[in-house]
Structures are given as C-alpha cells and as structure tokens.
Amino acid sequence: MNVPPSRYVVESIPGVTRMAKPRKSRKWLIGGVALILALGAFWYLTRADNAPVAAQRPPAAAPVRVADVVRRDMSVVRRTPGTVIANTTVQVTARVQGVLDAANFKEGQFVKKGDLLFRIDPRPFEAALAQARAMLVRDQAQLKNANRDMALYEHLNQIGAVSTQQRDTSVSQVEVLSATLASDEAAINIAQLNLGYTEIRSPVDGKTGPLLVQPGNMIAANSTMPLVTIAEIQPIKISFNLPQADLPLILARQRTNGLTASVDSNDAAGKPLSAPVNFTSNAVNNQSGTIELRATFDNRDLSFLPGQLVNVTVELDSVPNAVVVPSDAVNDGPDGSYVYVVANGKAVQHNVRIVFDDSKNVAVEGDLKPGDSVIVEGQLRVDPSGAVNVLPSKDITRAGPNTATDAAQDEGRRATSTGALRIIP
C-alpha cells in the first residue's frame, strides 16, 4: 500500500508489520480540545455579564427596627457627671502635747458629736492644775496680810506716826497682790482647759476614717498630722458643673420653680433620688467655662460616699408640644440631620431640624407626625426609598458578610449622636 511517509510510520513488531500515526498528532488533538473548552467558558461568562438587569435577583429588604414618633412636652435637661462631697470634713488634732493613751473607737465607725475619741495621759496636766491652785491659795494669804498692813499704815498716817509714802506703798502692795490673784485664777482656768483637752471628743456626727496615729505615741499640739478624719455624710452634698451658656436658664428656673437635681440610686428599685439645688457659685470658672452647683441629699441609706462619681440630671426648661423621636433615629448627613420613615414597606428620608437633644430623645421640627415609624436600628443597610423588613423590637438579625462591620458602625453612630447635649433656639 502506498502511504505518504509524512503521515504514517511503519512499526515493526517481531512477526507483525502495521502502519500507525505519529505521536505528535496526539498533542495537537489535546490542545484543540482545551481551546474549545476555553472559548466556551469565555462565551458563557460574557453572556452572563451582559444579561439584562431585570433578569438579576432583586436586592433583599434591609432588616430594621422602628419606633413611633410621639408629640408631648419635653423637658430640657442637662446630664453631667457629679462628685459627692462630705457636708463637713473635720481633721481631728490634739491641742496639747502628751502621750496618746487610748483610742475609743474603731476605724470606719460612725460617731456622734461629743463622743470620746482619744485620751491623752492627763497626769502632767492634773499636776499643773494643782500647782496653779496652790499658787492661788498662797497669793490669797499674802493679799490678806497686805490688807491688814494697809489698814495699819492708814491709821498710823492719820495720827502722824508714819509718812504718807509708807501708807501709799502699802496700798500699792495690796493692788499688786490683787492682780496676782487674778493671774492665778487665769492660770487655773488654763490648766483646767488643758486637762480637758486630754479628752478629744468628736465635733460632728460622721464616719471616721483610718487611725493615723496609734496609741502609745507622743503627739504634738496642733500638729499638721491629724489623728483621724471625720466626714459628715448624713446629709451629703453632690457638686456638679454646668456650662456658662446655661446661666440664663439656671437663674430663670431659680426665680420660678427652683432647680432640682436627680441622681441614680443604688437600691434595688433603682428609683432616682432628687434634691433641691441649694448652692450656686458666685463665679464662673474661667478655665472650663462652667459654673458650680450643689445639691444636698439626706443620704439615709448611706448609698453615697465622698469622692464618688455620679450622673446628675437637672431640668432647666421644657419644650411644649414637641415632636419627639428616639436619639438613635437621627442621622447626620451632608445636608443636615435626617430620619428614615417607614412607609409602605420602604424607607423614606425626611430632613429634620433638632430643637433639643437630651441624648435619649430628640425634639425635632420637620415633615413628621405622631404615629410615624422611624428607623432606630439598621440604618446603614438602608437605601433611600429601598425596601425594608421591620423586625420586632430587639430582634434584628443582620445578614450578609458585613454583619460585624455594620454593628460596629451603628454603635459608633449612636455614640456620636449621644455624646453631646444641645438645645438649638
């Protein structure tokens, strides 16, 4: 058989001779199949990218949580940190020098005014008092003798037996001894006072602090190191500061209804405690631009201690008949503040103007009416005029790969919106 040598070769096997294709043609066959598969994949992908938009799956409705718009009078309040301070703080020191014999209280104990706190060794002061009394008795005897001499010299002078000078000397001696007696009596009083100072008693009702000097030590009079500190905490004061811009509202409120400060209580009921503001500073702090105010609480349950930080709420004014939305519903955009209102299953953006923000609720002006549902959670997944899925309160379940990111951004937005209190005229 005549076959072109370029296409076939002769394979010789012992006893058999046959014609076969060369190995190179197999490689060309595999390459052709691969090329056909690549072209088919390219055509499929190109066709999918150019498919009509209407044929693609529509975006899912964004899950959101909503709250109702209400109309009511809204209090203009300020929330600010406050510091608890003692009504009275006394540093107890010794008024006489001596050895501290005993402390008649336990550290942290409540004491009453007049309770014995410390006792100083009284023996040196008892001896000083006895000495002063003895000197008084001596000088009284000398004065009695001087009075007899003065009477005698007066009689002798009248009969001319002694000179007038001698008589006058005797009168002066009586006067000197009379002054000495007065000095002796004063010395007795001082000795009695010093003896009384050996018993140190509480000047106020309050709670004692740590014992700073232990019994057995020699203590100095009027030392800068106190023996103990007593803080009067029933009643107790809470100090807080408000911006100087609020001063007109503060003064106006004090002239009418008076200011009332409220703080969160530590009891199980959690009911806020209120007390009138009974102190307003006479000057504005030129460094912070704030003015200090204080309110006095009875502190019957001893829930407040000096140095404690508390949250203080003060009502300064009210916005009557205000349109109120939760603070989480208000968003900031390039054109100002806005909220999303859910209508017919879609989110509609409404621009608003903030009248007052107390960090929990916001009084706004805008195209809102009571009963409208505003989105308070899930705004970052909402497109204006896009479909939304309203979920029950506190039951939002985010879907998609941005769950953690959206939650963090929502939290950051809420922190930003509640960070400042403002009232806009």
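This is a predicted model: local features need pLDDT of at least 70, side-chain atom pairs count only at pLDDT 80 or more; totals for chains, interfaces and linings use all residues.

**Notes on the model**

1. A hairpin of two residues leads from strand 16 to strand 17, strands here being DSSP runs of E with at least two residues, and helices runs of H or I with at least four residues, numbered from the N terminus. Strand 16 (residues 331–333) and strand 17 run antiparallel and are joined by three bridges, and two strands are said to pair if DSSP finds at least two bridges between them. Gly-333 stands opposite Gly-336 in strand 17.

2. Residues are numbered from 1 along each chain as its sequence is written, and side-chain values use heavy atoms, with hydrogens and water left out.

3. On the overall make-up, the protein has five helices and 22 strands. Of its 425 residues, 31% are buried, where buried means under 20% relative accessible area, exposed over 50%, and partly exposed in between (1.4 Å probe, protein chains only). Among contacts (heavy atoms within 4.5 Å) with a separation of 6 or more, 74% are between residues 24 or more positions apart.

4. On the side of strand 18 (residues 346–357), strand 17 pairs in the antiparallel sense over six bridges, and Tyr-338 stands opposite Asn-351 in strand 18. The hairpin of strand 17 and strand 18 has two residues between the strands, and in this hairpin Asn-344 takes a positive phi near 55°.

5. As for aromatic pairs, rings of Phe, Tyr and Trp (its six-membered ring) pair if their centres lie within 6.5 Å, with planes under 30 degrees apart counted as stacked, over 60 as edge-to-face and the rest as tilted. The count by this rule is three aromatic pairs. The ring centres of Tyr-338 and Tyr-340 are 5.5 Å apart and their planes stand at 80°, so this pair is edge-to-face. Both Tyr-338 and Tyr-340 are buried.

6. A separate ring interaction involves Arg-294, whose charged end sits over the ring of Phe-279 at 5.2 Å from its centre. The criterion is that NZ of Lys or CZ of Arg is within 6 Å of the ring centre and within 35 degrees of the ring normal.

7. With strand 15 (residues 309–326), strand 4 runs antiparallel through 13 bridges, Met-74 standing opposite Val-319 in strand 15. With strand 11 (residues 228–243), strand 4 pairs in the antiparallel sense over 10 bridges, and the bridge partner of Thr-88 in strand 11 is Glu-232.

8. Which residue lies 243 residues from Ser-75 in sequence and 4.1 Å away in space, C-alpha to C-alpha? The residue is Ser-318. Leaving aside residues up to four places away in sequence, Ser-75 touches Glu-315, Asp-317, Ser-318 and Phe-356. The side chains of Ser-75 and Glu-315 are joined by a polar contact of 3.4 Å, that is, a pair of N or O atoms within 3.5 Å where, within protein, one must be able to donate a hydrogen and the other to accept it, and residues adjacent in sequence count only if both atoms are side-chain atoms. Ser-75 is partly exposed, with a relative accessible area of 31%.

9. Four strands form an open sheet in the order 8-7-5-10, with antiparallel pairing. Strand 8 (199–201) and strand 10 (218–219) stand at the edges with a single partner strand each, so one side of each is left without a neighbour in the sheet. Strand 7 (residues 116–120) and strand 8 run antiparallel, joined by three bridges, and the bridge partner of Phe-118 in strand 8 is Ile-200.

10. The peptide bond from Gln-234 to Pro-235 is cis, with omega near 0°, and Pro-235 lies in strand 11. Asn-321, which is in strand 15, has a positive phi of about 50° although it is not a glycine. Ser-385, also not a glycine, has a positive phi of about 65°; Ser-385 is found in the loop between strand 20 (373–377) and strand 21 (388–390) and counts as exposed at 51% relative accessibility.
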